[in-house]
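The sequence and structure come first.

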Amino acid sequence: MKNSEFRKYGYELVDKIADYFVEIEKYPVKSQLNPGDIIKQLPKSAPENSESFDDILKDFDEIIMPGITHWQSPNFFAYFNANNSFESILGEMLTSALGVNTFIWQNSPAGTELEEVVMNWLRDMIGLPEYFSGVIQDTASTATLCSILTAREKFTDFQINKSGFEHNKFRVYASKEAHSSIEKAVKIAGIGYENLVKINTDKNFDMISNDLELAIKNDIQNGLIPLIVISAIGTTGSTSIDSIKENGEICKKYNVFHHVDAAHVGTALVLDEFRYLIDGIENVDTFVFNPHKWMFTNFDFSAYFVKNQEYLIRTFEIMPEYLKTNVDNRVNNYRDWGIQLGRRFRALKMWFVIRSYGVEGIKSTVRKHLQLTQKFKNNIEQDERFELLAPVRFNLVCFRYNPGNLNVEELNKLNEKLLNSINKSGKAFITHTKLGDNYTIRVVIGQTYIEERNVDELWELFLSQINSF
Ligand SMILES: *Cc1c(COP(=O)(O)O)cnc(C)c1O
């Protein structure tokens, strides 16, 4: 493609993207295709000869778009959102144009230094102490793996990095509601999922810290080694909250590493009223939250903070001759702050978002989401046919339809049917979880451009669906 063609199609695409956001509610939120529908429309092998960009765009419209689930639709209430914003899209355009790889400082001083500045901004915005240093990871899953590996190396004085495991006695602790990425990380780190101890939760699905201490004591008595506790601020199922303060004190007492997974809910810490959640942060070693979930910055951008950067760097450091530079002792070389060598210039989009919104703009958008969530919650509470299944603490409502006289199995089937009928309507996309034995509908209200109207329409949709049963 020539520069002049890039200009032509570039303008066209920006128009197309702007139109997309105007028309986004016209698409079925969840793609209505069946497995294989896309593959069967595409050739088996790559084209030998050049195809025109017009043809490519035509296929994008006709083949790809019907297979898109519209994650940026204001009627997307599923999972946790992965929201973006115009600012973030523009930042991403420049990142892709520059195409720099930020694994060491000299690769683009701005790539590294903007990352340091933006991570310090984020740290201060969510109220973490100044002694935390930050680095962008692709996902919270990677960040949590980094914490487990760092804990492992700190504990063994970097011996497993050197000579590998002889045998494993390490134990990792998280609540029964903790994210599946922890189990994955424990497997990768060579600790084994049998050594992931899942601590019971209370009626609100928060970890019972007392049980954590008992489990740690019990393991020590059995000659095992408590390595790391992973506390959640905002679990994925129900945004339940483990006590950072109580878990932190236990970690301090038994000399256990403490990681906090605040992947989704970390964003809420921009508001003063949620700062109590990080009481006890002095006993936290590492902390992760995902601006790519709820801070208007498109995937991927996971903000990872560590109290002691030396432990992290010593865990991941590599020093091949071809990567040595004469400024190494004066700059951050982020290749040593995680698993990847090559790294995208992700700080740019976050910088655009923070500057364009201002911290106040971010706070007020989050507040709006929380208020809309309360409104939806009130609808549930005021209608006898529905019931909440978990406390509504942030922007997630967990509930079910319960018309009475049904046992758990029947209720589960009924709610699954309700969820499927909502998603089939194309008017909204919602997902579910299991809380205890109960099939639970989850509604997350965190889309960048969501309006009260969207939340009202979702409620109307629920009412019309149950009336049609
Ligand atoms: C979403 C989520 C994760 C995983 O996030 P990724 O960035 O996709 O790895 C981990 N923990 C919690 C609590 C989450 O909600």
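A polar side-chain atom of lysine 293 lies 2.9 Å from an oxygen atom of the ligand. The table lists this polar contact (a pair of N or O atoms within 3.5 Å) with two others.

| Residue | Side-chain polar atom to ligand oxygen |
|---|---|
| serine 141 | 2.5 Å |
| lysine 293 | 2.9 Å |
| threonine 236 | 3.0 Å |

The ligand is surrounded by 13 residues, and the closest are Ala140, Ser141, Asp261, Asn290 and Lys293; a residue counts as near if one of its heavy atoms lies within 4 Å.

The model is predicted: local features need pLDDT of at least 70 and side-chain atom pairs pLDDT 80 or more, while totals for chains, interfaces and linings use all residues. Residues are numbered from 1 along each chain as its sequence is written, and side-chain values use heavy atoms, without hydrogens and water.

Helices (H or I, at least four residues) and strands (E, at least two) are DSSP runs numbered from the N terminus, and two strands pair if DSSP finds at least two bridges between them. An open sheet of 7 strands, with mixed pairing, has the order β1-β7-β6-β5-β4-β2-β3. β1 (133-137) and β3 (196-199) are at its edges with a single partner strand each, so one side of each has no neighbour in the sheet. From one strand to the next, the twist averages 20 degrees. β4 (residues 225-232) and β5 (residues 257-261) run parallel and are joined by 5 bridges; valine 229 has histidine 258 of β5 as its bridge partner. Helix α5 (residues 140-155) lies across β1, β2, β4, β5, β6 and β7, at about 155 degrees to β4. Angles run from 0 to 180 degrees between N-to-C directions, with axes fitted to C-alpha atoms, for helices over the stretch in contact.

A second open sheet has 4 strands in the order β8-β9-β11-β10, with antiparallel pairing. Its edges are β8 (386-388) and β10 (431-435), each with a single partner strand, so one side of each is left without a neighbour in the sheet. Here the twist averages 40 degrees from one strand to the next. β8 and β9 (residues 396-401) pair over 3 bridges, and tyrosine 401 in β9 is the bridge partner of phenylalanine 386. Helix α12 packs on this sheet, touching β8, β9 and β11 (contact means heavy atoms within 4.5 Å), and its direction makes about 20 degrees with that of β9.

The axes of α3 (residues 86-98) and α12 (residues 347-382) come within 8 Å and cross at roughly 150 degrees.

Notes. Polar contact = N/O pair within 3.5 Å; in protein donor to acceptor, adjacent residues only side chain to side chain.
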